[in-house]
Amino acid sequence: MSQTTAKKILLNAFDMNCVGHINHGLWTHPRDQSHRFNELSYWTELAQTLEQGLFDGLFLADITGVYDVYQNGIDLTLKESIQLPSHDPSTLISAMALVTQNLSFGVTVNLSYEQPYQFARRFASLDHLTQGRLGWNIVTGYLDSAERLIGQKDLRDHDARYDQAEEFLQLCYQYWEGSWENDALRKDKQQRIFTDPNKVHSINHQGQYYQSQGVFQVAPSLQRTPTLFQAGASPKGLQFATRHAECIFIGGDQPEKIRQQVNKIRLQATQQDRDEDAIKIFVGITVVVAETHELAQQRLAEYRQYASPEAGLAHYASSVGIDLAKFADDEAIPYQKSNSIASVNEKFKEQRISKNDLKAQHVLGGRYPLIVGSATEVAEYLIELLDQTGIDGFNLTRTVAPESHNDFIRLVIPELQQRGRYKTEYATGSLRNKLFAQGDHLAASHPANQFRCRPHNNTATLKIIEEISA
């Protein structure tokens with residue numbers, strides 16, 4: 001594969017509006033600044049750093065609820081700040097957009113606890129303010145603690161959550177794509193017509209989960225629909241993701257298994273009448289890099305002194321819905337059906353896994369693949385993994401903040417660029433256009449297309465608008 005035709009690596013920083021996100025315990029490191037997560041300057045500085053490194057985006061995870069499965073409580077969660085406290089990620093976007101020009105922002109929102117209209121209005125507004133640099137990571141939730149917080153008794157069945165998500169998306173598409181025509185805004189001061197009433201249309205949705213009637217309050221943003229991210233890996237989740245998502249996050253540290261998952265995603269996309277290249281696939285990674293291999297190993301040893309594998313187990317326990325504290329270190333953990341993250345839980349069916357095995361995977365408190373080495377070693381590994389598996393890029397988690405991102409940008413990015421595998425400048429336009437180079441709007445093959453409004457003279461809509469404004 002020549003440098004001129006080789007696929008360039010896409011790269012997101014993976015973070016969360018909290019202290020302990022993926023690699024737990026490292027908040028105790030003397031150089032770590034993640035305790036500043038509640039300061040706006042922490043995030044604006046990060047955004048500027050990532051843009052200097054030409055990162056495609058900052059992807060912000062989020063949860064509703066707390067991790068209370070391990071030891072049947074939250075003591076360790078509180079002590080180690082395992083995504084607690086955590087703040088709303090959408091509150092950060094406008095400030096970071098103000099200090100950057102090209103960095104995009106993926107924001108996780110759990111649709112199970114949102115009303116479609118209020119959510120769609122908020123995200124359309126953010127897409128305006130970021131000039132089309134917004135993505136939505138669609139999640140349906142998996143924590144019983146979240147249900148109790150919002151006054152519900154039990155978590156809805158895993159597959160039923162996706163049925164609700166399907167209708168949620170269809171209604172959002174009607175708001176974003178179906179209410180306003182592209183040229184509805186005239187801003188004609190002489191004629192005193194800001195918006196052409198004939199080009200704004202009422203939504204009338206009567207579904208199983210949601211009902212909505214009226215005109216969407218937000219005129220079309222640059223992307224109309226924010227770029228759509230998803231991470232479903234269960235059969236139902238993958239069907240949903242390959243139907244709707246433009247970017248899919250997958251896990252895995254074995255190239256062959258990653259390649260199989262990539263092929264499965266591409267095949268399912270074509271089965272849903274989408275192009276196999278209509279989805280960008282990302283793998284989560286943790287990187288410890290230094291000037292030499294030996295220095296990188298020393299850095300890893302230093303970080304391990306502060307990391308908490310047990311905190312990683314507590315996080316993992318809520319992901320699978322099993323209290324891992326009740327098992328001996330070398331005891332095989334039995335499979336138990338739960339409503340939590342199905343793809344993670346299935347691993348207990350497929351292989352013998354003990355707490356010792358999990359602790360070995362969580363040496364830095366997180367279970368993402370850990371890549372340790374010199375800049376050359378890391379760059380070559382990422383390129384090889386991309387070429388072997390067919391993925392499109394990586395979600396890079398932080399270890400010690402902000403030095404881990406600084407080290408990656410200072411050392412790894414130039415190595416990737418020298419090999420022709422990473423951009424040297426940003427493309428223009430929205431997040432969607434930067435990723436696909438096919439314009440700012442969703443492709444015609446995307447299911448949102450059926451909800452797009454078609455230009456026509458709608459006198460009934462004019463009457464509705466007049467009644468609303470009266």
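Reader: What makes α6 count as largely enclosed by the rest of the structure?

Author: Of the 21 residues of α6, 18 are buried, so the helix is largely enclosed. Buried means under 20% relative accessible area, exposed means over 50%, and partly exposed lies in between, with a 1.4 Å probe and protein chains only. Helices (H or I, at least four residues) and strands (E, at least two) are DSSP runs numbered from the N terminus. This is a predicted model, in which local features need pLDDT of at least 70 and side-chain atom pairs count only at pLDDT 80 or more, while totals for chains, interfaces and linings use all residues. Residues are numbered from 1 along each chain as its sequence is written, and side-chain values use heavy atoms, with hydrogens and water left out.

Reader: How do you know what span is expected for α6?

Author: The expected span is 1.5 Å times one less than the number of residues. For the 21 residues of α6 that gives 30 Å, and the helix reaches 30 Å from its first C-alpha to its last.

Reader: Which residues do ring pairs link into a cluster?

Author: Phe119, Phe123, Trp136, Phe168, Trp176, Tyr209 and Tyr210 are linked in this way. The structure holds 21 aromatic pairs.

Reader: What makes the charged end of Lys423 count as sitting over a ring?

Author: A charge sits over a ring if NZ of Lys or CZ of Arg is within 6 Å of the ring centre and within 35 degrees of the ring normal. The charged end of Lys423 is 4.5 Å from the centre of the Tyr422 ring and sits over that ring.

Reader: Why is strand β13 called largely enclosed?

Author: Five of the five residues of β13 (residues 393-397) are buried, so the strand is largely enclosed by the rest of the structure. Gly393, Asn395 and Thr397 point one way, and Phe394 and Leu396 the other.

Reader: How do you know which strands pair with β13?

Author: Two strands pair if DSSP finds at least two bridges between them. Strand β1 (residues 10-16) has five bridges to β13, in the parallel sense, and Leu11 stands opposite Phe394. Strand β11 (residues 280-290) has four, also parallel, with Ile285 as the bridge partner of Leu396.

Reader: What makes a set of residues a nonpolar core?

Author: The members are buried Ala, Val, Leu, Ile, Met, Phe, Trp, Tyr and Cys residues joined through side-chain atoms within 4.5 Å. The largest such core has 89 residues, and Phe394 is among those with the most contacts inside it. Helix α6 gives the most to this core, with nine residues. A second, separate core has 36 residues, including Ile82 and Phe348.

Terms used:
Rings of Phe, Tyr and Trp (its six-membered ring) pair if their centres lie within 6.5 Å; planes under 30 degrees apart count as stacked, over 60 as edge-to-face and the rest as tilted.
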